[in-house]
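Here are my notes for you, as numbered points. Please keep the model open beside them as you read.

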Amino acid sequence: MDSKKKIKTLVKDTGLFAISNFGSKILVFLLTPLYTSILTTEEYGIADLITTTISFIYPILTLAIADATLRYALDKGNDKRKVLNNSILLTLLSIAVLLLFKPAIMLVSQTIGHYWTIFVITYALFNIHNCISNYIKGIERTGLFAVQGLVQTVVIIVCNIVFLVFLKLGLDGYLLSVIIGYIIPIVIMIVCGKLYKVIIPFELDWPLMKDMLSYSIPMVPTLLAWAINTSIDKYMIIGFIGLSDSGIYSVAHKIPTIFTTVMSIFTQAWQISAIANYGSDDESQYHTVIYSGLNVISVIGCLFVILLSKWFAAFLFAKDFYVAWRYVPLLTVSAMFASHGGFLASSFRAAKKTKSLFGSVLLGSVINVGLNWTLIPRYGALGAAVATSISFTVIWLVRFVLSQSIVEIKINKVATFFTYVLFFGSAIAMTLDIRGAYLIVITTIVIVVLLNYKDCLLLVKGVAKVFDKKRNRVK
């Protein structure tokens with residue numbers, strides 16, 4: 001496949017994933033004013049604690065089988081039926097194991113113990129959805145994946161309005177919306193994807209299971225360390241300063257979600273493209289072109305998020321939540337480097353070198369925990385934002401260096417260094433709310449464009465070509 005076809009396929013998949021993720025994340029993001037006006041900071045902290053804990057435990061209990069589901073469903077030589085059946089078996093076993101762990105989890109968190117039934121149901125549905133949706137992507141039914149994502153959005157929005165506004169169920173209504181938001185998309189994927197024909201008769205393949213686990217088990221410490229890196233700050237905030245502060249800090253993540261959602265859309269498509277084109281003759285050139293464009297778009301996009309962070313907060317955060325704006329600039333830095341790290345991870349997955357991902361995340365997690373332990377008692381949740389931004393920057397740097405042995409990505413090191421220094425400086429200026437902070441960020445955007453003018457020029461030419469082709473078709 002030549003480079004033009006590769007990029008065309010990547011753009012097509014990105015578009016389909018955009019439909020799905022725009023529905024399931026961006027539109028739900030717009031419900032933030034509803035959540036912050038109805039839920040208290042403590043209630044929001046509880047809801048976030050439940051979802052955060054699920055992200056912690058699912059890699060251990062499922063042995064990260066969902067990651068193997070996508071990778072092995074994409075391999076043409078595998079029996080796709082058995083890939084799905086193997087994955088479902090481990091997913092169901094993980095639910096059974098979770099029930100055995102109830103006493104241990106209740107010791108860790110009495111809050112989760114109080115919401116135990118909701119917690120178990122949410123965990124089960126999250127993992128079943130994760131398993132089936134990865135299989136749908138793996139068999140290249142990206143259209144169906146996009147549709148179920150849109151449906152999920154509509155369901156969550158309608159349920160939130162009904163349960164929170166009309167029935168006034170509060171936190172219980174919010175959690176019930178999440179549950180129903182998983183159930184209906186799962187049913188749609190099973191029915192429209194005719195997965196009942198794949199699942200019945202239920203047939204396992206133990207040699208294939210062994211291969212899948214050899215791929216996924218090394219991912220467990222990586223995913224766990226990633227969860228620690230993304231979520232340990234919330235637990236430490238709860239421990240040091242309380243659930244209410246954790247709720248405010250959690251809602252601050254909603255604004256960087258604008259960027260991470262867009263990036264996750266691209267990364268899902270990129271992961272499929274990286275696997276499909278692994279080992280091709282122009283692999284290095286292809287990765288370099290995509291990464292360079294991604295980098296300049298990401299930095300400029302995040303600078304605009306930082307510039308508008310106060311305005312976003314004024315629109316999205318009601319009452320006691322408004323103070324969360326101060327954490328947004330540094331959390332946006334974290335989001336960008338986390339997304340860059342996710343992009344680079346696709347190269348390791350394509351090469352089936354998942355063990356190599358662990359070292360970078362482990363180092364980042366150690367740094368994150370250490371800095372959180374030092375900074376949160378002194379600076380509160382702002383200390384957590386500092387720790388998270390530094391740790392994700394370290395993860396990106398280590399992964400970039402290690403990935404060069406798999407596929408070389410050629411970048412302008414001098415321009416990249418100054419771009420990131422200015423990027424960090426702008427985030428700090430906005431966080432400290434110093435006089436002239438807005439001017440600093442705007443100036444940084446101009447300088448970043450000048451430093452990366454070649455990549456910007458290529459992007460502009462690429463977009464112009466797309467519009468020219470559309471005009472010609474219309475004519």
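1. Let me begin at T419, which touches V299, V448, L451 and N452, leaving aside residues up to four places away in sequence; a contact here means heavy atoms within 4.5 Å. T419 sits in helix 21, where helices (H or I, at least four residues) and strands (E, at least two) are DSSP runs numbered from the N terminus. With a relative accessible area of 1%, T419 is buried; the classes are buried under 20% relative accessible area, exposed over 50% and partly exposed in between, with a 1.4 Å probe and protein chains only. From T419 to I300 there are 119 residues in sequence and 9.9 Å in space, C-alpha to C-alpha.

2. A word on the ground rules: this is a predicted model, in which local features need pLDDT of at least 70 and side-chain atom pairs count only at pLDDT 80 or more, while totals for chains, interfaces and linings use all residues. Residues are numbered from 1 along each chain as its sequence is written, and side-chain values use heavy atoms, with hydrogens and water left out.

3. Now the overall picture. The chain has 23 helices and 0 strands, and 55% of its 475 residues count as buried. Of the contacts between residues at least 6 apart in sequence, 85% join residues at least 24 apart. The accessible surface is about 20900 Å², with 70% of that belonging to carbon and sulfur atoms; such areas come from the Shrake-Rupley method with a 1.4 Å probe, and for residues only the protein chains shown count as cover.

4. On to the rings: the whole structure holds 19 aromatic pairs. Rings of Phe, Tyr and Trp (its six-membered ring) pair if their centres lie within 6.5 Å, with planes under 30 degrees apart counting as stacked, over 60 as edge-to-face and the rest as tilted. Y44 and F321 are an edge-to-face pair, 6.1 Å from centre to centre with 75 degrees between the planes. This pair links distant parts of the chain, since Y44 is in helix 3 and F321 in the loop between helix 17 (309-316) and helix 18 (328-350), 277 residues apart. Y44 counts as buried at 4% relative accessibility, and F321 counts as buried at 1%.

5. The rings of F337 and F424 are stacked, because their centres are 6.0 Å apart and their planes are at 25 degrees. F337 lies in helix 18 and F424 in helix 21 (residues 413-432), so the pair ties together parts 87 residues apart in sequence. F337 counts as buried, at 1% relative accessibility. Ring pairs also link Y291, F337, F343, W396, F400, Y420, F423 and F424 into a cluster.

6. How many salt bridges does the structure hold? There are 5, each a side-chain nitrogen of Lys or Arg within 4 Å of a carboxyl oxygen of Asp or Glu. One of them joins D48 and K234, with the closest N and O atoms 3.3 Å apart. D48 is in helix 3 and K234 in helix 13 (residues 219-241), 186 residues apart. Are D48 and K234 buried or exposed? Both are buried.

7. R81 and E203 form another salt bridge, with the closest N and O atoms 3.5 Å apart. R81 is in helix 5 (residues 80-100) and E203 in the loop between helix 11 and helix 12 (206-216), 122 residues apart. R81 is partly exposed, at a relative accessible area of 22%, and E203 is partly exposed at 34%. A network of salt bridges links R81, K82 and E203.

8. Finally, have a look at K310. D433 forms a salt bridge with K310, the closest N and O atoms being 3.1 Å apart. D433 lies in the loop between helix 21 and helix 22 (437-451) and K310 in helix 17, 123 residues apart. D433 is partly exposed, with a relative accessible area of 33%, whereas K310 is buried, at 18%. K310 also lies over the face of W325, 4.8 Å from the ring centre; a charge sits over a ring if NZ of Lys or CZ of Arg is within 6 Å of the ring centre and within 35 degrees of the ring normal.
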